[in-house]
Amino acid sequence: MLEIPLSPYGRASGRPSQVSLMMSQFAAGFRPGVDVNLGVGYVNEQTIPRELIHRALGEIVAHPQEHLAAFNYGGPVGSDHLIAALKRFFVRRPVAPLTEEDLASRRIVIGASGATSLLEAAASVLPRGIALTADPVYYIYTELLTRLGFEVIAIPEGPEGLSPEALEETIEALGRRAGEIQLLYLVTANNPTCTLLSTGNRRGIMRVMSALSERLGRRVPVLLDTAYELLVHDQDVAPVESALRFDPLGIAHEFGTLSKVLAPALRIGYVIGRDSPFLHAIIQRVSDVGFSGPLLSQEIAAYLLDHCIEEQLARVTGGYREKAARVRAAIDAHLGEHLEACGGGRVGFYFYLTFRGILTDEDSPFFRYLSRTTGDSGIDGPRGAARARVFYLPGLHCVAGSRAAAERGARQLRIAYGYESIEAIEGAIAMMGEAARYAAEARVEGVRV
């Protein structure tokens, strides 16, 4: 008998992505306290505000008349308390502030399960076609776009993020196919590189996308993923403005989250955008997949935004600032001689490394050394008792552009320094230094490096 028929998306979803396979294979037998995971972007456990969340929950339970139905279902748009608290916060936040006028012409919608659910909703309700993004890419969302049937075209970013000139050149090079463009997706503090999209580039990008919309006679949405913008911990980084302020056509939509500054488990994500059929479709998608986000989590988040978010932001950014400095020092000490470039460490919690002549993909000696799969027991350890392993994200999974980009990506990797302790990270980077020397020796011996 034949299997249950699947849609094109279902068939694509039946094949795990290479990153999913790699993570699953590594997670098998992962030993906390022995192996070190620098690949997954979990937040810093030390800055999750457990006591503040406990206090907020106590207030909600003690005052049910002020938090009606907090333990019940909510509406698909989200909690009125949370939406109002977000608006107050946006006006006074230190990075990318918005004015009351900016917000007056836009709506805020809360996701069913974080910002990811809203980004999935946006992709689900748009026609299939071309999705533009910056290279290196945020692999999780671009893989979703591909499974849904979009053609992803990645444009190399510059030192200030995607430049309007590169975007315009790409659109012009498409010729008639420019009519197939359905969206532009950008992580404003890019994942994996943590390159912060400058105010000037935001202004220029909105000019280019507005001109494209005018030319096509339809609004082309710009999806701006602001997940890391609240994590600007390098005090020398200049503040940036929201692209919503340069958006006369109402095509910009900011997808934000509180996961990085409060707690991922609260699953609070939101989108800010013009009231439109596109936003209405997103709202219906939220309703279809889960009615709304957990109302209790929304009420907790609203309380924290109104009562202690500034204190919490200072704690979070201070924690990442300290970790970033020590991680950078370890990178310089153990990997500096092997690197062509080192980015990140100023915003978010990633470093993005480019090696000189050393490959980092799963088949490389570098990767095999750190995963203890070289076949040499002196490196891997005895059978059934492998030495400490180090997991990272190979850069090859973060490129979707040209052959040159792929060749460069094969020498890159992302280090996530949010979750593991600084001592574990420093030890893992020292092991990366050993792996780099091993790979360099393999190159001398004529082995693929």
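Student: Where does H338 lie?
Tutor: H338 lies in the loop between α12 (309-335) and β9 (339-344). Helices (H or I, at least four residues) and strands (E, at least two) are DSSP runs, numbered from the N terminus. This is a predicted model, where local features need pLDDT of at least 70, side-chain atom pairs count only at pLDDT 80 or more, and totals for chains, interfaces and linings use all residues. Residues are numbered from 1 along each chain as its sequence is written, and side-chain values use heavy atoms, with hydrogens and water left out.

Student: Is H338 buried or exposed?
Tutor: H338 is buried, with a relative accessible area of 10%. Buried means under 20% relative accessible area, exposed over 50%, and partly exposed in between (1.4 Å probe, protein chains only).

Student: What is H338 in contact with?
Tutor: Setting aside neighbours within four places in sequence, H338 is in contact with F355, R356, I358, A436 and R437. Contact means heavy atoms within 4.5 Å.

Student: New topic. Where does G39 lie, and what does G39 touch?
Tutor: G39 lies in the loop between β1 (36-37) and α3 (50-62). Not counting residues up to four places away in sequence, G39 touches F391, Y392, L393 and R414. G39 counts as buried, at 4% relative accessibility.

Student: And how many residues apart in sequence are G39 and Y419?
Tutor: They are 380 residues apart in sequence, and 9.9 Å apart in space, C-alpha to C-alpha.

Student: Helices now. At what angle do the axes of α4 and α11 cross?
Tutor: The axes of α4 (residues 80-92) and α11 (residues 295-307) cross at roughly 30° and come within 8 Å. That makes α4 roughly parallel to α11. Angles under 35 degrees count as roughly parallel, over 145 as roughly antiparallel, 65 to 115 as roughly perpendicular and the rest as oblique.

Student: Which residues make the contact?
Tutor: From α4, H81, L82, A85, L86, R88, F89 and R92; from α11, Q298, E299, A301, A302, L305 and D306.

Student: What about the phi of R372?
Tutor: R372 is not a glycine, yet has a positive phi of about 60°. R372 is in the loop between α13 (365-371) and α14 (377-380), and counts as buried at 9% relative accessibility.

How values were computed
Axes fitted to C-alpha atoms, helices over the stretch in contact; angles between N-to-C directions.
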